Amino acid sequence: MSTPETSRFVRIRVELVLAVDDEEAVTGAALQSLADDVELPDAERAHAERAVTEDTAEALAHLVDPFDLVSQVPGVELQQASWSSELVDYDPDSPEWDLDEEDGGENDPEDDEMTVG
C-alpha cells in the first residue's frame with residue numbers, strides 16, 4: 001500500500017489594506033531603512049531613495065518585508081516571496097473588497113508583484 005505524496009511547500013496569500021495617516025513618517029522610515037542598508041550599492045540606493053520619496057506605496061514596499069513575517073516560525077524556511085504595493089480607493093462596504101472572494105479578482109495581488117527568491 002503506497003501513501004500519496006504530499007508537497008512540503010505551502011503557499012500563503014496575504015492581502016493587506018493599510019491606511020496611511022502620516023506619509024512623511026512612512027517616507028522617512030523608508031529613507032532611514034535605505035540609509036542603514038550598508039550592502040546596498042550607491043546607484044541602487046539613489047534609485048530607491050527617489051522611488052520612496054515620490055510614492056508612499058513604494059516606501060511601504062521597502063518597509064514591509066515578507067521575510068519578517070516568517071523568520072520566527074520554527075521548522076520553516078522561506079523559499080520565495082512576492083509582494084507589491086499600490087495606492088487604491090478603498091471602500092470596505094463594496095463587494096469588490098470582499099476578503100472571502102476567490103483569488104483572481106480585480107484586486108489580485110499577483111497583477112504587479114515584486115519577487116524575491
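Here are some numbered notes on the model above.

1. Ground rules. This is a predicted model, in which local features need pLDDT of at least 70 and side-chain atom pairs count only at pLDDT 80 or more, while totals for chains, interfaces and linings use all residues. Residues are numbered from 1 along each chain as its sequence is written, and side-chain values use heavy atoms, with hydrogens and water left out.

2. Overall fold. The protein has four helices and two strands, and along the sequence they run α-α-α-α-β-β. Helices (H or I, at least four residues) and strands (E, at least two) are DSSP runs, numbered from the N terminus.

3. Of the 117 residues, 18% are buried; buried means under 20% relative accessible area, exposed over 50%, and partly exposed in between (1.4 Å probe, protein chains only). The protein exposes about 9800 Å², with carbon and sulfur atoms supplying 48% of that. Those areas come from the Shrake-Rupley method with a 1.4 Å probe, and for residues only the protein chains shown count as cover. Among contacts between residues at least 6 apart in sequence, 59% join residues at least 24 apart; a contact means heavy atoms within 4.5 Å.

4. Thr27. This one sits in helix H1 and counts as buried because its relative accessibility is 14%. Leaving aside neighbours within four places in sequence, Thr27 is in contact with Val52, Thr53 and Ala59. Take Ala59: it is 32 residues from Thr27 in sequence, yet the C-alpha atoms are 5.5 Å apart.

5. Arg45. Have a look at this one in helix H2 (residues 42–54). Arg45 is buried yet has no salt bridge, and the nearest side chain of opposite charge, Asp42, is 4.1 Å away. For a salt bridge, a side-chain nitrogen of Lys or Arg has to be within 4 Å of a carboxyl oxygen of Asp or Glu. Not counting residues up to four places away in sequence, Arg45 touches Leu34, Ala35, Asp37, Val38 and Leu40.

6. Surface patches. Asp21, Asp22, Glu23 and Glu24 gather in a patch of negative charge on the surface, and Glu23 belongs to helix H1 (residues 23–36). There is also a nonpolar surface patch of Val10, Ile12, Val14, Leu16, Leu18, Leu63 and Val64, with about 690 Å² of accessible area together. Patches are made of residues with over 30% relative accessible area and no salt bridge; like charges are joined within 9 Å, and nonpolar side chains (Val, Leu, Ile, Met, Phe, Trp, Tyr) within 5 Å. A charge is placed at NZ of Lys, CZ of Arg, CG of Asp or CD of Glu.

7. The segment before H1. Val14 lies here and is exposed, with a relative accessible area of 52%. Glu15 is also found in the segment before H1, but it is partly exposed at 36%.

8. Gln79. Look for this residue in the loop between helix H4 (66–70) and strand S1 (81–83). Gln79 counts as partly exposed, at 44% relative accessibility. Gln79 and Phe9 are 70 residues apart in sequence and 8.7 Å apart in space, C-alpha to C-alpha.

Terms used: Lys and Arg count as positive and Asp and Glu as negative; His and the chain ends are not counted.
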